[in-house]
Amino acid sequence: MALKSATLAGLEVPYDVWMKINDFQDAIQDDSGATYLYLRGEGRGTPATTAIGLLCRMINGWPREHKPLQRGAAKLGEQQPSRNNMYFNYYASQVLHHIGGTNWQRWNPKMRDYLVKSQATDGHEAGSWYFPEAHSTPGGRLYTTAMATMTLEVYYRYMPMYKETFVDRAP
């Protein structure tokens with residue numbers, strides 16, 4: 001994401017950097033790029049690593065119609081938002097938002113409603129979230145709240161990658 005942002009800002013990112021990213025992703029992909037591992041040779045990937053891998057491929061130019069992207073997004077879309085893995089929820093929300101369609105339409109209300117309902121409402125914790133899971137142990141309430149907030153704003157923050165952009169034709 002940082003390299004793509006740099007490119008969009010007019011900074012030059014050398015071509016070989018993009019090729020090294022592709023080589024790395026090729027080394028950690030499974031099912032021809034529909035799923036992703038965290039580390040090479042670890043066996044099967046997780047839903048979270050798959051969501052991150054697919055998002056990186058999308059950022060790096062995979063077209064929406066690319067079969068491995070479609071298969072991977074469909075697998076993500078078959079899942080329910082996690083009750084405690086905000087890392088997965090954040091990246092899966094991005095992939096499904098960018099792909100669009102029925103999986104996003106099914107996912108988003110469930111994700112949004114769960115987060116709104118699970119937000120703390122009392123005392124000094126009001127407005128925050130905490131779900132016990134591997135990432136929240138070191139990051140605590142701050143980590144969980146940041147991830148929940150970023151997940152809720154996915155569709156406000158990111159224009160879908162595969163949507164035609166509106167061009168203002170006013171004089």
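Reader: Taking accessible areas as those from the Shrake-Rupley method with a 1.4 Å probe, where for residues only the protein chains shown count as cover, what does the accessible surface of the protein chain come to?

Author: The accessible surface of the protein chain comes to about 10,200 Å², and 57% of that belongs to carbon and sulfur atoms. This is a predicted model, in which local features need pLDDT of at least 70 and side-chain atom pairs count only at pLDDT 80 or more, while totals for chains, interfaces and linings use all residues. Residues are numbered from 1 along each chain as its sequence is written, and side-chain values use heavy atoms, with hydrogens and water left out.

Reader: OK, and how many helices and strands are in the protein chain?

Author: The protein chain has eight helices and two strands, where helices (H or I, at least four residues) and strands (E, at least two) are DSSP runs numbered from the N terminus. Read from the N terminus on, the order of the elements is α-α-β-β-α-α-α-α-α-α. The radius of gyration, taken over C-alpha atoms, is judged against a globule rule of 2.2 Å times the number of residues to the power 0.38. For this protein chain it is 17 Å, close to the 16 Å that the rule gives for 171 residues, so the chain is as compact as a globular protein of that length. The C-alpha trace spans about 55 × 50 × 35 Å along its principal axes.

Reader: What share of the residues count as buried?

Author: Of the 171 residues, 37% count as buried, meaning under 20% relative accessible area, with exposed being over 50% and partly exposed in between (1.4 Å probe, protein chains only).

Reader: Which residues have the most contacts inside the largest nonpolar core?

Author: Those are L76, V95, W107 and L115, in a core of 33 residues. A nonpolar core here is a set of buried Ala, Val, Leu, Ile, Met, Phe, Trp, Tyr and Cys residues joined through side-chain atoms within 4.5 Å. At least two core residues come from each of α3 (47-59), α4 (67-78), α5 (86-99), α6 (102-118) and α7 (136-152), and α5 gives the most, with eight residues. In soluble globular proteins, nonpolar side chains tend to be buried together.

Reader: Staying with L115, what does it touch?

Author: If residues up to four places away in sequence are not counted, L115 touches M86, W129, F131, A148, T151 and L152, with contact meaning heavy atoms within 4.5 Å. T144, which has its place in helix α7, is in contact with M86, W129, Y130, F131 and S136, again leaving aside neighbours within four places in sequence.

Reader: Is T144 buried or exposed?

Author: T144 is buried, with a relative accessible area of 1%.

Reader: Switching to the strands, where is Y36 found, and in which strand?

Author: Y36 is found in strand β2 (residues 35-36), and it is buried, with a relative accessible area of 0%. Beyond four places in sequence, Y36 touches Q25, I28, Q29, G45, T46, T49, T50, G53, L54, R57 and W62. Between Y36 and T46, which are 10 residues apart in sequence, the C-alpha to C-alpha distance is 7.2 Å.

Reader: And R57, what is it in contact with?

Author: Apart from its neighbours within four places in sequence, R57 is in contact with N22, Q25, D26, Q29, Y36 and W62. R57 has its place in helix α3 and is buried, with a relative accessible area of 3%.

Reader: Last one: how far apart are the mean positions of the positive and negative charges?

Author: The mean positions of the 18 positive and 16 negative charges are 5 Å apart. Lys and Arg count as positive and Asp and Glu as negative, with His and the chain ends not counted, and the place of a charge is taken as NZ of Lys, CZ of Arg, CG of Asp or CD of Glu.

Key:
Accessible areas come from the Shrake-Rupley method with a 1.4 Å probe; for residues, only the protein chains shown count as cover.
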